[in-house]
Amino acid sequence: MSKFSIEQKTNGSAEVFYLKGFLDAHTAPELESAIANAIEAGQHRLVVNFNDLEYISSAGLGVFMVFIEEVRATGGDIKLTAMKQKVFTVFDLLGFPMLFDITEKEEEALAKFSA
Amino acid sequence: MSKTDSFTHERLTASGDTTELERIRQFVQDKAREFGFSEQNIHKIALAVDEACSNLIRHAYQLDDSKEFFVDISPNDDDTLVIEILDNGTAFDPLTVPIPDLNQYAAQHRKGGFGVHIIRMVMDAVEYFPADPTHQMNRLKLVKKLS
């Protein structure tokens, strides 16, 4: 029984990851390998949609730290979107809004890639 | 008005496996709710305990599920909740971890080191007591006040 799942869709030039459930030290490796696979396949424009994510701990945040420099070095980015307040609080506590592009809606994140 | 009538000291025994985190969070949330915390603070307390236990399971216990640790919760008479995490691993004082520098961590592709910072920010007090001749287990004490 997994309390965390990821769905992936290609939208224009970007790959969108839809996270659902609980992202903690147990489930973070699943997200890490999904993002690593996309990057390995040459996709450096990534959007992570948090709409159905109920919980995140720093293990989840750490996943984005691993890849952010790598994708930006090639002109890509990891854009984060549609967070519930509870999830945003954790990003905010650590000052992530300074380093990451966090948008309210997925369309805004996608528009930034096509701009 | 004291909340100490709600429950007394309660203990959860967990093993060195990250699948335990969900059960630990649930235990802490239930007790924090019973004690009268707001939903926002219930989330913060469960997050702090999750961070402490994640570090313990991954680093001190090296994901060894034959090793056990305890999460103790007890109310104080002055409307304060005390959570103690007791372990048998190598003593490590989390309070010695420096405040993470995000830009530097990103450049180094570092994914860890944030948990302790979160704990310090969301709890009112954090203390660490390594095992000694009279206390066989290391003890991390997290304190949160109702208001």
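How many positive and how many negative side chains does chain B have, and how far apart do the centres of the two sets lie?

## Charge and surface of chain B

In this predicted model, chain B has 16 positive side chains and 24 negative ones. The centres of these two sets lie 4 Å apart.

The accessible surface of chain B comes to about 7,300 Å². Carbon and sulfur atoms account for 47% of that surface.

## Fold and dimensions of chain B

Chain B contains 4 helices and 5 strands. Their order along the sequence is β-α-α-β-β-α-α-β-β.

A compact globule of 147 residues would have a radius of gyration near 15 Å, and the value for chain B, 15 Å, agrees with this. The C-alpha trace of chain B spans about 50 × 35 × 30 Å along its principal axes. Of the 147 residues in chain B, 50% are buried. When contacts in chain B between residues at least 6 apart in sequence are considered, 62% of them join residues at least 24 apart.

## The interface between chains B and A

Chain B meets chain A through 27 residues, which are in contact with 25 residues of chain A. About 2,300 Å² is buried between the two chains, and carbon and sulfur atoms give 66% of this area. On the chain B side, the residues that lose the most area to chain A are H43(B), L102(B) and K111(B). Together these three residues supply 26% of what that side buries.

## Residue A14(A)

In chain A, A14(A) belongs to strand β2, which covers residues 14-23. Its relative accessibility is 1%, so A14(A) counts as buried, the cut-off being under 20%.

Beyond its neighbours within four places in sequence, A14(A) is in contact with K9(A), Q43(A), R45(A), V47(A), L110(A) and F113(A). Another residue, Q85(A), is 71 residues away from A14(A) along the chain, and the C-alpha atoms of the two are separated by 25 Å.

## Residue K141(B)

In chain B, K141(B) lies in strand β5, formed by residues 138-145. K141(B) has a relative accessible area of 22% and is therefore partly exposed.

Setting aside residues up to four places away in sequence, K141(B) touches V82(B), I83(B) and E84(B), as well as A125(B), V126(B), E127(B) and F129(B). The C-alpha atoms of K141(B) and L86(B) are separated by 8.8 Å, although these residues are 55 residues apart along the chain.

How values were computed:
Residues numbered from 1 in each chain as written. Chains lettered and ligands numbered in written order. Predicted model: local features only at pLDDT ≥ 70, side-chain atom pairs only at ≥ 80, totals over all residues. Heavy atoms only, no water. Helix = DSSP H or I, 4+ residues; strand = E, 2+ residues; numbered from the N terminus. Rg over C-alpha atoms; globule rule 2.2 N^0.38 Å. Buried < 20%, exposed > 50% of the residue type's maximum accessible area, 1.4 Å probe, protein only. Contact = heavy atoms within 4.5 Å. Areas by Shrake-Rupley, 256 points an atom, 1.4 Å probe, with all protein chains shown as cover. Lys, Arg positive; Asp, Glu negative; His and termini not counted. Charge placed at Lys NZ, Arg CZ, Asp CG, Glu CD. Buried area = accessible area lost by both parts, 1.4 Å probe.
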